[in-house]
Amino acid sequence: MMRLGPAGRRIALLLGCLLATATPWAGAAENAVDFEDRVIRMVLPQEPPQLDSSKATDQVSTRVLGHVMEALTRFDGQGRLVPGVAERWEIRRDGATFWLREDARWSDGSPVTAADFVFSWRHAVDPKTASEYAFILQGIENAEEISQGEAQITSLGVSAPEPRRLEVRFSRALAYFDKLVAFATFYPLKESFYRARDGRYGADAEDMLFNGPFVIERWDHGARLEMAKNPHYWDRDNIYLNRIEFPYITADTNAALNLFKDNRIILAGLDSETMENALDQRWRIERFNDGSAWYIEFNHREGRLTQNWHLRRALALSFDTYEFINRVIGTPGNLPGLSLYPSYLQGAKQRLLQEIPPPEPVTDWTLARSHLEKAMAELGLTEPPELVLLTGNSPTANKQAEFLQTLWKDALGLTVRIDRQIFKQRLAKMTAGDFDLVAAGWGPDYLDPLTFGDLFASWNLNNRGRYANPALDACVRDAQNSVDPEARVRAFGCIQRILLDDHAIIPTYERGQIYVIHPAVKGAIRRQTSPDPDLARAWLEQP
Amino acid sequence: MSAYTPRPEDFAPLGAQDAAPVLVRPSLSYWADARARLLRNPRAVGSLALLALLGLFTTVGPLFWTVDPSTQNLDRISEPPNLSAEALLIDRGQRWPGVEAEGWPSAPDPAWLASPTRTALDAPEGLSVVGTPHTWSVRLRWSPVENAAGYQIYRNRYRPTALNELGLPLGDRWSGAEVSYEDALALEPGVYWYSVTATDGLRESPHFQTLRVEVERALPLNAARKAGLLAPGDGEPGQRLSLPAHPLGTDYLGRDMLSRLMHGARTSLFIGLLAPLLYVLFGTAYGAAAGFFGGRADAVLMRLADFVVALPFLLFMILFRVASGVEAGESGITAILVAMVLLLWPATARLVRGQILQIREEGYVQAARLLGAPQRYLIFRHMIPNTLGVILVTLTFAIPTAIFTEAFLSFIGMGVAPPTPSWGSMCFEGLKSMLNSPHELFFPALMISLTVLAFNLLGDGLRDALDARMRARE
Amino acid sequence: MGRYAIKRIIQGLITIWFIATATFAAMHAVPGDPLSNEKATTEAIRKNLEARYGLDRPVFPDQYFIFLGNMAKGDFGLSFTQQNRRVNDIILDAFPVSAQLGVLAIAFAAIGGVLLGAFTALKRNRWPDVTVMLAVILGISVPSFVFAALGQLALVNANDALGFTLLPVAGWGELSHMIMPAVVLGLSTLAFLTRLMRSSMLEVLTADYIRTARAKGVSEGGIFWRHALRNASLPVITVLGPAIAAITTGGFVVELVFAIPGLGRAFVEAVQQLDYTLIMGTTVFYGSFLVFMVIVVDLIYGLIDPRVRLA
């Protein structure tokens, strides 16, 4: 027998206290699916920075918000627009009207009124709120002026003449406004509640009010988040699940796969490294297009070598998008980068890219070299120039940058220097124009081609390469101001043609993702816009 | 213990002696003795041999193994260790346009689609391979299915027997008339099982057709010529070519692991050796100054050291690494080096100061001082030789810490920037693919472990060898 | 004693000021912009964001003294990434997690190290000693992230083979979540302590009082538990202080791999996002914690050990 001395006893006491603070040993085994109580469990890739819908910008926040809030309209599992808080609506050239349903309720039981939308939208454009998504309201009367601090927030073109009628006035045509309002920035906020939280709205579960299918019941920051069915939600009869829990917060794909294997979570994303492992487990592997288009952006600022068209063409001609998706990325579901527009976008009648087919990309190193020689002659260089490729610090970014570096060395004898930076430093360098090439991607905010189409307009602040082309700007204006679907498709075609002919960017790929999902979970929706994945209307079937 | 029985001789008186007894063992200097004892320690000798091998590996190795560590080979991604490989030469002609079933409707009859009693679609018949399947392309075709709006193509490594075993969802066809698919997704030599299902646009049919395909390694002619495996104009499609060996396999871009390990060793050992050397030297000078001058200077100097010691090491390491703002094309090695030196010197400084203070009070130093020895003599004759042992041991144990720190920084994405390889960053990259290609993690981790092990054992041996108490005990 | 304590505390405060200043300087030397985001913002919005975080004022002296002033009040300000949350709240949430993990890891390392060290000393140069010491030397030669990944992998395979969950592979909340991370985290300290304990035990076993005890007829078990183990553990206890510091900051890797919401992970994420306030808060908090621990340990030594003169 071991007898403990005074020190030993103290240590034992300390350990005892420690054990006591931890909840009992493996209390209830938290399986991925609880059929009896209708609970599913998932992993969140990171802690939601905040859940104030007027300020939310990232995918995790909008994913959580998408389960607990409801906008005027929403998208169903087939990607069709269906009524949300609004029962019906009407989009005109100069404005829109939304008629709100009678039984829409906040989680405190009070009705959701048009005034809640007016407050929320005004709040979002208010420069004092400093919402990064204020730009998404542009097109509503005075939105731009207000966010510049040049007009009163009450002058925003939105009003509530009746509690259940919302009137919107446009400063330019917004043909896609009904799709746009499904976005998180357009969720309602209840003014009295919002003001009572005194700047803490969205910081904790009790600092929020919900009008969606679920409510957040528990939010332990950085550790877990739990949602429970909202008893006041108007469509509660079509909500099967009682709870959605996120007991894990990690971005590590290996950890997520291990949790899935361990029957702890219902869904895990796969990458080229974990893919084989999933195959060995005999799981059904699903694939979906996550909506983002990826490309290499050139710096078009004055004095940059990449201003030269021949140089850009040389770089583009040496790149083979098929080799890139098949061998460098190496996971199924990625589509070749043919255009700025991803393939799922809808045109007037068919898919957009069927109506304006982009040219098949050409890979020709000999031709590329001749363009490089022309570029060198124009630039007065005797040797191939050195270029800086700005990139992030994730393993994927490293791999792609290393591939491109060697590719251009082999094809053109160009030296590419990799500038690897952490997220915010990369953004700062992109904004400052401190790069020649940067690997970038864009995900849609709303399901209209314009979310991609206006990206390279000279006035768009997200145009980090500062590409400026009056012809392209004119096409963007056409697409913005027109309500005729055919005319808009023509404008989108014009934008695509100019970008590709001018090699303003090199499209690299259209991202697809693969994942595994618990076989009992049905009706999980993966989509290109937030919330993704959407499990609000999922149900369980015993295998 | 055996008892000693005294004999009468023991009590006989001693005669007069001519000379003092001759010393049979020559006097050993401190260092000669230490060296002798170090060399008697088998583990220390082993570690020295290991370090010598590592040194050869990094310096002489690249002279013999001349593969360029940055040459990518997308045909041979994440290959396990091998000594030879063979490839079929191919001509990468035009992209395959695919096969279209002529006159076949692209979408099902709407009336049929609307009927609630419609049955699941049949499995596509006649699944077959077009041309030779190889690692650059496997071309499949099948017969169209009635009422199909499209097809899904899957691939697996084993024969699927159920729907959940179809494997990777490679792609889809959004027309009932498009009845072919070209797969080029990360193909490796070996056997694949392809499956095709039909979909009516709303639901995917549970019936599938499977085909076994043996894929051969291939190499496009122009790639072979570019890599110098063929003379220009040489070779013909259909010929076989033997490829260079990768004794330790390849990484995620098909680069040679052995060569990358050799070059990575330069980074890791550069940081691992130079950083400790610099901060131990600085710490020694600093500590010696403080200890020697004493008094107010000592107080001020040691206060500053206390401040630096209080900085949480890893947190500041990360902060400094980020703050240094590594520019394009730089590896960031200097930044890591500087950060380590800035943060780690005080431990040595404290240790050396303590030693100096102690030695200063020793009788032999006092005696030397009383005899009028100059400062310089005191420092070089007594202080330095007597602290050198401690410093040497500190240095040896500091090397593993530096190597680990570099690896840790790589682990959180703040290590040396690509394309510079380092063992730490190779480990980190290998970690992700640990299950599929363990060699990508195993070899760099082994290199780190061997190096650290060698320095730890050497440190142990040095400590024992330099310990004056051990000397007295023998 | 009182005067000594006051002196030490004042010294500690100065050290904390130094840490704060060094952090502030390093932080503001970092190139990049914490307010930039994937979506570019207009000038007006940016100005308001800057005002909200006080970035519109000059870095020195304004921002510096505001930072020091708030720090003195124990307020690290609003987080940049987890907007609407105070850094204090984030630290209060995350630190106990790291501390719990750290204490468990230390307990595992100390108990395991003492027992293994004593055991190997008793079996000196026989096969158990050789095996354990070989494992120990391997333990300090493998990077911690390799251990963490292997540990997680081992759990997955064990759960798979057993058909039930022996231990969860990641996450936090129950004691079962803590076992594997604590083992991984404590492993290198355990190896270190085993080596220390072994040599200390070897020395003790040849000491006079052990021979005396044996001569008195104390049983071998009694000698081991009562005399040898206790005396040999003394050096282990003295190095526990630095070990605690090493383990609390060494939790980064383990927290990342096992998805543990601790302070280490919060820090790494904050750095990626350039969350100024969270970075400064975490660093100053950790630094202060360590400084404070050292002072407490010193004072306790002074109380316990009469040989340490406190002036």
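How many bridges join β1(B) to strand β10 (residues 240-243) of chain B, and do the two run parallel or antiparallel?

Reply: Four bridges join β1(B) to β10(B), and the two strands run antiparallel. The model is predicted, with local features needing pLDDT of at least 70 and side-chain atom pairs counting only at pLDDT 80 or more, while totals for chains, interfaces and linings use all residues. Residues are numbered from 1 along each chain as its sequence is written, chains are lettered from A and ligands numbered from 1 in the order in which they are written, and side-chain values use heavy atoms, without hydrogens and water.

Helices (H or I, at least four residues) and strands (E, at least two) are DSSP runs numbered from the N terminus, and two strands pair if DSSP finds at least two bridges between them. Strands of a sheet pair through backbone hydrogen bonds, either parallel or antiparallel.

Strand β1 of chain B spans residues 85-90, and five of its six residues are buried; buried means under 20% relative accessible area, exposed over 50% and partly exposed in between, with a 1.4 Å probe and protein chains only. On the β10(B) side, B:Ala85 has B:Leu243 as its bridge partner. Strand β9 (residues 218-220) of chain B also pairs with β1(B), in the parallel sense and over three bridges. There, B:Leu219 in β9(B) stands opposite B:Leu89.

Chain A holds an open sheet of five strands in the order β1-β2-β11-β10-β9, with mixed pairing. At its edges stand β1 (33-34) and β9 (214-220), each with a single partner strand, so one side of each is left without a neighbour in the sheet. Within chain A, β10 (residues 224-229) pairs with β11 (residues 243-249) in the antiparallel sense over four bridges. A:Glu226 stands opposite A:Glu245 in β11(A).

Side chains form further contacts. Rings of Phe, Tyr and Trp (its six-membered ring) pair if their centres lie within 6.5 Å; planes under 30 degrees apart count as stacked, over 60 as edge-to-face and the rest as tilted. The count over all chains is 45 aromatic pairs. One of them, A:Phe324 with A:Phe403, is tilted, at 5.7 Å centre to centre and 45 degrees between the planes. A:Phe324 lies in helix α10 (residues 321-329) and A:Phe403 in helix α13 (residues 395-412) of chain A, so this pair ties together parts 79 residues apart in sequence. Both A:Phe324 and A:Phe403 are buried.

A charge sits over a ring if NZ of Lys or CZ of Arg is within 6 Å of the ring centre and within 35 degrees of the ring normal. A:Arg101 lies over the face of A:Trp234, at 3.4 Å from the ring centre, and B:Arg118 over that of B:Trp112, at 5.9 Å.

A disulfide is a pair of cysteine sulfur atoms within 2.5 Å, and over all chains the count comes to one. It joins A:Cys475 to A:Cys494, with S to S at 1.7 Å. The torsion about the S-S bond is about 50 degrees, so this disulfide is right-handed. A:Cys475 is in helix α16 (residues 470-481) and A:Cys494 in helix α17 (residues 485-501) of chain A, 19 residues apart. A:Cys475 is buried at 9% relative accessible area, and A:Cys494 also counts as buried, at 13%.
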